[in-house]
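Please find below my notes on this entry, written for someone who is opening it for the first time.

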Amino acid sequence: MVFLLTIHDLKEIMNLYTESLIRLAYYYVKDCQAAEDIVQEVFIKMYHHQDKYEERGELKAFLYKMTANKSKDYLKSWSYRKVQLQNKIFPFDSKIDLDELVRKEEETIVGEAILELPLKQREVLIYFYFNEMNIKDIASILTIPESTVKTRLRRGKELLKNKLKDIQWEVLLNE
């Protein structure tokens, strides 16, 4: 069944999902402005190509998948590589002030440790813990087998344990 969004419907969807999608995009790209741009592109694409989306499941999963894919595309893009190269050549002396949404997440050592993980482990941990998604949904969004999600979760936890040896994090201790 194809659905057609009105501007009012789109505003409601944006109010519901913008914050979590920005957070998700940020965990991929590690840049607040880029994350906001990615989410904006996701909503624009969703609105302009809504005839191609069929309501088969949860809209949330569809938006998460689009955001993850756009984030991965950004990481492969020339503009991202150019910014990375510029930052290596001309490093900033002061840390860029992040918006309040991301600052809340980054204030903890755990958040910083997660950001240092490789993308494959980082993304499954974010979906599982921060977005409270189950393994089946994560596998669907990432289009990988459930066993791969489980392996990446286990490996991600192990990497976090090594980074956080002296810190007690309840989620990691309750295995």
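**Notes on the fold and its interior**

1. The chain has ten helices and zero strands, where helices (H or I, at least four residues) and strands (E, at least two) are DSSP runs numbered from the N terminus. Read along the sequence, the pattern is therefore α-α-α-α-α-α-α-α-α-α.

2. Before going further, please note that this is a predicted model, in which local features need pLDDT of at least 70 and side-chain atom pairs count only at pLDDT 80 or more, while totals for chains, interfaces and linings use all residues. Residues are numbered from 1 along each chain as its sequence is written, and side-chain values use heavy atoms, with hydrogens and water left out.

3. Of the 175 residues of the chain, 41% count as buried, a term that means under 20% relative accessible area, with exposed meaning over 50% and partly exposed in between (1.4 Å probe, protein chains only). Among contacts (heavy atoms within 4.5 Å) between residues at least 6 apart in sequence, 68% join residues at least 24 apart.

4. Leu63, leaving aside its neighbours within four places in sequence, is in contact with Ile13, Tyr17, Leu21, Val42, Phe43 and Met46.

5. Two packed helices are described by the angle between their axes and the distance between the axes. Here α1 and α3 pack at an angle of about 35 degrees, with their axes 9 Å apart; axes are lines fitted to C-alpha atoms, for helices over the stretch in contact, and angles run from 0 to 180 degrees between N-to-C directions. Residues of α1 including Ile13, Tyr17 and Leu24 meet residues of α3, among them Leu63, Tyr64 and Thr67.

6. The structure holds three aromatic pairs, counted when rings of Phe, Tyr and Trp (its six-membered ring) have centres within 6.5 Å, with planes under 30 degrees apart called stacked, over 60 edge-to-face and the rest tilted. One of them joins Tyr64 and Tyr127, a tilted pair at 6.1 Å centre to centre with 40 degrees between the planes. Because Tyr64 lies in helix α3 and Tyr127 in helix α7, this pair ties together parts that are 63 residues apart in sequence. Tyr64 is buried at 2% relative accessibility, and Tyr127 is buried at 0%.

7. Where does Asn131 lie in the chain? Asn131 is found in the loop between α7 and α8, and at 7% relative accessibility it counts as buried. The side chain of Asn131 makes a polar contact with the side chain of Tyr64 at 3.3 Å; such a contact is a pair of N or O atoms within 3.5 Å, of which, within protein, one must be able to donate a hydrogen and the other to accept it, and residues adjacent in sequence count only if both atoms are side-chain atoms. Leaving aside neighbours within four places in sequence, Asn131 is in contact with Ser20, Leu24, Lys60, Tyr64 and Ile126.
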